[in-house]
Every structure is written in C-alpha cells, then in structure tokens.
Amino acid sequence: MCCNNENECQTLPKLIKERAYYLAVYLTNSTDMELVNHYDEEICEALSKLNIQNPEQLYYYLAEIDYQQHLYNYYQKSSNILLYVGAWNSRKNIKIGEYLIEALQLDKNTISPEKLLDLLEDPLHEIVKEFRDNGLDVSLTKSNTEENSITDDYLEYEDEIQEDEVDWHEQESEPDDYDDYHYYSNSDPYEGVDWGDPSTFNQAAWDQFRDD
C-alpha cells in the first residue's frame with residue numbers, strides 16, 4: 001500500500017470527537033448521563049489510537065509486475081491507520097463508515113455505516129430534532145460552544161419564524177377587513193344631492209364651494 005505523502009486529517013477526528021456524545025446516545029438509545037458519558041469516553045479513547053491520513057494519492061503497488069491500482073480509502077487494522085483520498089463524505093468514500101465502526105470498536109449490529117456518517121455530517125439541529133422526535137430529550141453538548149450556540153439560535157429562530165408567519169397573516173387580513181367595513185358602513189356624503197339644484201345641497205356639498 002502506497003501513498004504519495006503523509007497528510008494528517010484534521011477534519012474527521014475533530015468531527016468524531018465533537019459528535020461522540022450523539023454517537024453514544026444513538027448507540028445506547030438513552031440519555032442517561034452516566035451511561036452516555038461512558039460510551040462517549042470509550043469512543044474518544046479509541047479515536048486517540050486511530051491514525052487518520054488524507055493523502056493526495058493512494059494505491060496498491062505490486063513491484064513484481066510493476067502494477068498499481070488506485071484506491072480511495074483503506075484501513076490497515078494491524079497499524080490502526082485509516083487512509084482516504086479527497087473528501088471523507090464523498091460517495092466514493094462511503095466505505096469509511098465501515099472502517100470507522102471497526103476502528104472505534106462500535107457495535108455494527110447497533111449502528112450502520114450510513115447512520116454513522118449521517119451523525120458526523122448532518123447539521124446538529126437536525127440530529128437533535130430527530131432524537132427528540134424519537135422520545136430522547138437530548139441536550140446540546142457543552143464542548144462545542146460555538147456550534148451549540150448556533151444550533152440553539154436556529155431552533156429559537158425557527159420557532160419565531162413560525163409565530164411570525166401566523167402574526168403576519170393575521171395582520172395582513174386586518175387592513176382588508178377594516179377597509180371593507182369602512183367602505184360598506186359609511187354612506188355616500190353626497191347622497192340625494194342634485195348638483196343642478198342648490199336647495200338639495202347638504203353640508204358636504206356646500207363644503208365643495210366654500211373656497212369660491
């Protein structure tokens with residue numbers, strides 16, 4: 001197995017560490033803090049022993065016949081090294097989910113490779129909503145302050161948008177209702193006026209000639 005240069009991946013380990021809490025909740029199907037924290041620590045411990053590299057090229061090379069085959073990802077269990085080319089979440093790197101389940105020592109019967117990658121890639125507000133929809137009162141982790149703040153703001157903003165949409169429709173209808181009422185409830189101020197006969201002029205009609 002050959003790669004053109006060593007390029008330590010910064011993105012994937014950071015994501016796994018930040019999302020370890022959500023992985024633990026999914027694996028345990030629980031929000032019990034003692035249980036979740038235990039799994040969280042186990043995931044981070046396994047992660048600390050995993051070497052993730054992101055080289056520009058990766059390939060098998062058979063020197064005997066001078067043959068090489070390009071690859072997009074590879075996991076070498078003996079040295080606990082995961083290599084991948086390009087973006088970790090690209091379609092060509094879907095197998096990374098399987099490698100991570102093995103490297104992080106996760107139960108493959110509990111979490112699928114696709115779900116693992118979803119928990120690493122999906123926006124936090126979507127993950128939190130999914131857990132809550134399934135009866136798990138998940139709180140945002142404190143370790144990722146900036147992202148959690150953004151997520152809190154998003155959820156609050158989403159609620160405000162829904163409320164504002166209701167208020168907007170209510171406010172929008174008020175002027176129309178008022179105008180219709182005002183139009184039909186007020187009689188014509190010149191009703192009964194014969195503009196050729198001053199004796200029929202009412203006050204509104206005389207007001208038209210007040211400046212003449």
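Tyr-75 and Tyr-99 are both buried in this predicted model. How far apart are the centres of their rings, and at what angle do the planes sit? The centres are 6.0 Å apart and the planes meet at 35°, so this pair counts as tilted. Tyr-75 belongs to strand S5 (residues 73-76), while Tyr-99 belongs to helix H3 (residues 96-103), so the pair ties together parts that are 24 residues apart in sequence.

That's one of two aromatic pairs in the structure. Tyr-21 and Tyr-22 make up an edge-to-face pair, with 5.0 Å from centre to centre and 80° between the planes. Tyr-21 is buried, at a relative accessible area of 8%, and Tyr-22 is buried too, at 0%.

Tyr-22 also turns up in the largest nonpolar core, a set of 40 residues. Together with Leu-12 and Leu-100, Tyr-22 is among the residues with the most contacts inside this core. Which parts of the chain supply at least two residues each? The list runs through helix H1 (11-28), helix H2 (33-48), strand S6 (81-84), H3, helix H4 (113-121) and helix H5 (124-133). H1 gives the most, with ten residues.

Leu-100 is worth a look of its own. Leaving aside residues up to four places away in sequence, Leu-100 touches Leu-12, Ile-16, Leu-50, Leu-82, Gln-105, Leu-116 and Leu-120. As a general rule, nonpolar side chains tend to be buried together in soluble globular proteins.

Technical notes: Residues are numbered from 1 along each chain as its sequence is written. This is a predicted model: local features need pLDDT of at least 70, side-chain atom pairs count only at pLDDT 80 or more; totals for chains, interfaces and linings use all residues. Side-chain values use heavy atoms; hydrogens and water are left out. Rings of Phe, Tyr and Trp (its six-membered ring) pair if their centres lie within 6.5 Å; planes under 30 degrees apart count as stacked, over 60 as edge-to-face and the rest as tilted. Buried means under 20% relative accessible area, exposed over 50%, partly exposed in between (1.4 Å probe, protein chains only). Helices (H or I, at least four residues) and strands (E, at least two) are DSSP runs, numbered from the N terminus. A nonpolar core is a set of buried Ala, Val, Leu, Ile, Met, Phe, Trp, Tyr and Cys residues joined through side-chain atoms within 4.5 Å. Contact means heavy atoms within 4.5 Å.
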